[in-house]
Amino acid sequence: MPKHYRPPGKKKEGNAAKYITRTKAVHYLQVNLSTFRRLCILKGVFPRDPKKKVEGNHKTYYHMKDIMFLAHEQLLEKFRGIRAYERKVKKAKAKKNRELAQRLLSRKPSYTLDHLIKERYPKFIDALRDLDDCLTMVHLFAALPAVESEKIQVKRIHNCRRLSHEWQAYISRTHSLRKTFISVKGIYYQAEVEGQKITWLTPHALQQVLTDDVDFNVMLTFLEFYETLLGFVNFQLYHSIKVKYPPVLDPRLEALAAELYALTRYVSSNSGTQSSETQIASSNGPEQIEAGKVNTKSDESDLRLAQLQHQLPSNEPGALMHLIEDAAAEDDDDKDTKECKTLFKNLKFFFSREVPRESLLFIIPAFGGAVSWEGDGSPFNESDEGITHQIVDRPTQGHMFLSREYVQPQWVFDCVNARIILPTEGYLVGRVPPPHLSPFVDNEAEGYIPEYAETIKRLQAAARKEVLPMPGADGENLDDPRSLLAEGIIDRTQAIEAAEKKKQMSILEKQYHDELEMELKGIPYSASISNKNSQNSAEDAEPKEEAIVDADQIENDARNLSKSVMSREKRKLYEAMQIGKDRKKAKVNLLKERKKKAKEGNKHK
């Protein structure tokens, strides 16, 4: 009898009833494999790994509830209809019936994924938590070339570019950007939106080459869902700051490939004015509208008076409203937002033509700076006297203005991560800049703090007028030689000397208290001296060196004691953790040795 024999007529039980193989699922849904894969991606259904694989370890299993979930999806009928439509078009072309083929091509069936967004993300916060991969995919396709053979259309690339610029314009307007890092893969960004930290990766502004080992059909299916998701998220975020969506851009800037700058101008000029006015007009009745017309003259006089008082430009619509809203928004901002908003305040940046413009156009306005570039559509020219910093990425600079600083692009990224304006001496044109440190790495947890990270810490403390403690020691443990020895701040000889001094101080303190007690009791001074001499002679006979408890020995004893009561599974897990710690320690030691050798080499030079 076979191992998994089931008599005829008996119902399936256990894993055989809970899980189904992919081949059976495809037959059950009556679709081909590519349509099944596409449907699983859109619905968020993934393969499962059951403990007992009934039909073998080499097959892919799905939960039966997920397959029933797919069977009732309305997209399934849409995909079947699209497949039948493609067969009709193919048949008409084979029969050389051009009129029928053209008529069919003009009536191509379509579908939307709006109901899937509402189904998978019931709350807006759920969509924000799942936005990391979405942003990375959209930014990737925004930089790819259009290839018809891989079904990457120009329209889709333009849509990805538009969505990515809308997201960046919102982040820049609300000053939500927190971290950024330049790596070999691209530029990492991290923003905080409604309490959620969102991290994404954008490729460098270089010519992208498509490889053959990537299945673009699967990636395009993910992109189809992510485009809809990001459109919904952008719509909600723009309405949260009272900006109309989708935005209407300046056609001149859009033709000059300055979409991000045009979006930033649109968001900053329309936030809080247009939508609030439309909401008031829609909510008020006709009586209130007529009353508003009566009060128009008084409102205009108040606005003129406010413009004279605050010296507001009269040609800027809603300038007084902007001031009121900005003052109210500053009170609602948290500490990080206030810090990011004023980092590059009152600073004007100008980009040379070799600088990666899009990343800096996104970062600098997010931290309160004004930007311009070399070319058409720029807000101000290179000869503007108000420019404080010019970003240059070339070995030499010909004509230089004395009223501004010429720095490399890395200076902007390091200032953003440090949250202070760093000195520009190390980032001048033609110099090798300092190491670009990642803000996503916790140096103290890794056990190795780079030298430039310590320099940035000192600069941050100086900017905040703080006093840094001694590295590796707290204020409570400064007098304890055992803790200093365990931390590696002092060696064993110094620890022994410190312990002896501490012992002598304790003896003197005890002697002082004893003399006070004897004086209160009325004991004569000669008797007390004889007793002290006898005690001191007995103590001198003992060895002077106090045995300092070995911290390593105590740790080893505690480790062995805890391992003896562990189960085998926990002991193996503990040993694997210790191996990881040892590898990390070896890596830190290697970095310290390299640093030491580099310093010695610089000294010999």
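Two strands are said to pair if DSSP finds at least two bridges between them. In this predicted model, four strands form an open sheet with parallel pairing, in the order S7-S6-S8-S9. The briefing below covers this sheet, a hairpin, a pair of packed helices and the nonpolar cores.

**The parallel sheet**

- Strands of a sheet pair through backbone hydrogen bonds, in either a parallel or an antiparallel arrangement.
- Three bridges join strand S6 (residues 348-351) to strand S8 (residues 389-391) in the parallel sense.
- Phe349 has His389 in S8 as its bridge partner.
- Helix H19 (residues 357-366) lies across S6, S7 and S8, and its direction is at about 160° to S7.

**The hairpin**

- Strand S3 (residues 177-182) pairs with strand S4 (residues 187-193) in the antiparallel sense, over five bridges.
- S3 and S4 form a hairpin, with four residues between the two strands.
- The bridge partner of Phe181 is Tyr188, which belongs to S4.

**Packing of helices H10 and H11**

- Helix H10 (residues 154-174) packs against H11 at an angle of about 35°, and the axes of the two helices are 10 Å apart.
- H10 and H11 cross in a left-handed manner.
- On the H10 side, the residues that meet H11 include Arg156, Leu163, Trp167 and Tyr170.
- On the H11 side, the residues that meet H10 include Leu220, Glu227, Leu230 and Tyr238.
- The residues of the contact between H10 and H11 comprise eleven nonpolar, four polar and four charged ones.

**The nonpolar cores**

- In soluble globular proteins, nonpolar side chains tend to be buried together.
- The largest nonpolar core of this model contains 93 residues, and those with the most contacts inside this core are Phe36, Leu131, Phe141, Trp167, Leu229, Phe344 and Phe351.
- Helix H11 (residues 216-240) supplies the largest share of this core, namely eleven residues.
- Another core, of five residues, lies apart from the largest one; among its members are Tyr85, Val89, Ala92 and Leu104.
- Leaving aside residues up to four places away in sequence, Phe351 touches Arg357, Leu360, Leu361, Ile364, Val371, Ser372, Trp373, Glu374 and Ile391.

Terms used:
Residues numbered from 1 in each chain as written. Predicted model: local features only at pLDDT ≥ 70, side-chain atom pairs only at ≥ 80, totals over all residues. Heavy atoms only, no water. Core = buried A, V, L, I, M, F, W, Y, C linked by side-chain atoms within 4.5 Å. Buried < 20%, exposed > 50% of the residue type's maximum accessible area, 1.4 Å probe, protein only. Contact = heavy atoms within 4.5 Å. Axes fitted to C-alpha atoms, helices over the stretch in contact; angles between N-to-C directions. Left-handed = near helix turned anticlockwise from the far one by under 90°. Nonpolar A, V, L, I, M, F, W, Y, C, P; charged D, E, K, R; others polar.
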